[in-house]
Amino acid sequence: MALVSQSTVTFSGSLSSGIAASELLRSSSNGVPLRTLSRGHTGTRKKRLSISAKVRKVKKHEYPWPQDPDPNVKGGVLSHLSSFKPLKEKPKPVTLEFEKPLMDLQKKIIDVQKMANETGLDFSDQIISLENKYQQALKDLYTHLTPIQRVNIARHPNRPTFLDHVFSITDKFVELHGDRGGYDDPAIVTGIGTIDGRRFMFMGHQKGRNTKENIQRNFGMPTPHGYRKALRMLYYADHHGFPIVTFIDTPGAFADLKSEELGQGEAIAHNLRTMFGLKVPIVSIVIGEGGSGGALAIGCANKLLMLENAVFYVASPEACAAILWKTAKASPKAAEKLKITATELCKLQIADGIIPEPLGGAHADPHWTSGQIKAAILETMDELEKMSTEDLLRHRMLKFRKIGGFQEGLPVEPEKKVNMKQKEEPRPGLISDKVLQGEVNKLKEQILKAKESSSVAPDMDQNGLIEKLKREINYEISEAAKALGIEEKLTKMREEFAKASDEQLTPSQFKDLEDLKNEFNENLATAPNHGRLQYKLNLLKEISEAKIFAENYKKSLPLKAKVNEKFREVLEKPNLKQKILGLKDELEKSGVSAIEELDQELKEKVLEVREEVESEFVNALEASGVHVASRVGQSSMAMVKAKVDELNAEINQIIQDVIESTPDLKNKIEMLKLEAVKNKNTPSNESKEKMEVLEQQIKQGRAC
């Protein structure tokens, strides 16, 4: 067997060490070269084998540790473990569509400054004026942003990301990786950090700061691996007692086929269930856009805070507009209707607080924005850490239980009622007689209250009830016509009337109408719904009468008030007031129990005062513009008579009080009445004398 000579082939580059290639290819089991084993007994070959390899020289990667790590770096030496480093180049400024007027002012300022530098002239006044104008325009714009404009700010390419804020607010931060299931999703970042010596578990959605990073981070859209990594850190924080702070900034969970196969929905649901059972405080902060379940998967917190220009939605405005209005161009309208801004969500009690941003958005001053976030985290955690574990869990549960809740019977706020769907009226024929009778009885009660009160106008909706009854009556008439077999005639007649709505009816049409009406009335009693029709007609009659009463009542209220006012003015006149008081004194001294028992002189005085009051009253009404027909008309005279009757009743009451106050006088009056009744027809002399004695005694008792 011929042996093959071993060639000394070497590797070039950094791997070159002078080791023979045959030694590298030799079998470790029997020491026979592999090439020999593969050859078999085919004989010798003279061709020599040559192997060469080249290693490309590249710059040595300095991650995870640089060659000379700075021990004083913010966040400690462990911050070198994060791949998140400051950008080498400053991001290019991005101008949103609604900010273009501001850019025009800014360009003018730059042009004036350039002119000042070139010419050496002093344009400081003009520059200061333009800068003041720019600041005022900026303030006006950012204090009156529309919802869609806030959406655009939340999506701004230069807006600070989760890691930007974390490295700005923490003293130390260590990023933790992996879901222990074979993958580390870069769209969700988790880690432990300290703020003023207090340890927290941080996790949040991480978007890219440029196109390359966005592709790497999948534009902040997590896969199931990302949510399972967050779940692992949730358990870790709960086990060690670390308060949890989550940052939400995602358009939604990644919705590709692979994510669905790996259980995207299950991963989100598992996070939701777990977060409600964690025994540590949880604070969630929406720093950009929070889209659907992808945001909620790390958002089930005790407190949900939002940056001023952040948005939180179940569907993006573009998606909502495409569904409802079939075009994404309606996104401004959709953004307004969705109520997705921080202010609206605080009103709905979904968000618990708003973190302010500088004018121009968070990207205008990221460091200041991070400072506001830091202060909000510490303040909220101070509040939550005072709660016991049971109170903390109950607080988290109640926060979500009250969302969308309402209580029946409470009045709806006018601004909410405007956008509510109008309640549809039930189809005619489906309203029961009991319901109609109940509405009529309610209206009658209101009428009775209106009669009792002369100052409050009745609040009655007769028109709505009348329209409802008319619909019911029309339905019953149609059903009766159908039962009587004249439905076709009725339909045809209606069509003719509709055509001739703008023209005068012909005599033949009048005759046909009369014939149809007579036929219907003659046979109506045989219709099966005759009783219901008659009942509803009676209800309509009652309601119509109530409507007339209500209208007249409302018209009479001002007149009644005016009459009462004038009558009080007449009674307060000095001359009349003195006469009335004098008459009251005389009536008290007379001691009579009824006006019929007054002597002729006193009766004449009463009638004289009454006529004077009536005359003054009528004159006052005429002077105020109230016309009294025939000096004292019937309607006005009824009111005057009522007032005079009140005066008579008052006089009688005074007389009765005097009698009741003297029992002896009362007994004598009763005896006098009894004698008068006994001798009503033919009184004897003895009875007359007895009655005269009693009268004298009564007068003497009155004088005493």
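Tutor: Start with the term: a salt bridge is a side-chain nitrogen of Lys or Arg within 4 Å of a carboxyl oxygen of Asp or Glu. This is a predicted model, so local features need pLDDT of at least 70, side-chain atom pairs count only at pLDDT 80 or more, and totals for chains, interfaces and linings use all residues. Residues are numbered from 1 along each chain as its sequence is written, and side-chain values use heavy atoms, leaving out hydrogens and water.

Take Arg532 and Glu476. Their side chains form a salt bridge, 3.5 Å from N to O. The pair links distant parts of the chain: Arg532 is in helix α22 (residues 530-571), Glu476 in helix α19 (residues 462-484), 56 residues apart. Helices (H or I, at least four residues) and strands (E, at least two) are DSSP runs, numbered from the N terminus.

Now cover. Buried means under 20% relative accessible area, exposed over 50%, partly exposed in between (1.4 Å probe, protein chains only). Arg532 counts as partly exposed because its relative accessibility is 40%. Glu476 has 2%, so Glu476 counts as buried.

Next, Arg159 and Glu357. They meet in a salt bridge at 2.6 Å, N to O. Arg159 lies in the loop between α5 (147-154) and α6 (162-169), and Glu357 in the loop between β8 (353-355) and α15 (366-384), so the pair ties together parts 198 residues apart in sequence. Arg159 is buried at 6% relative accessibility. Glu357 is buried at 7%.

Last, Asp249 and Lys207. Their closest N and O atoms are 3.5 Å apart. Both residues are buried.

The whole structure has 18 salt bridges.
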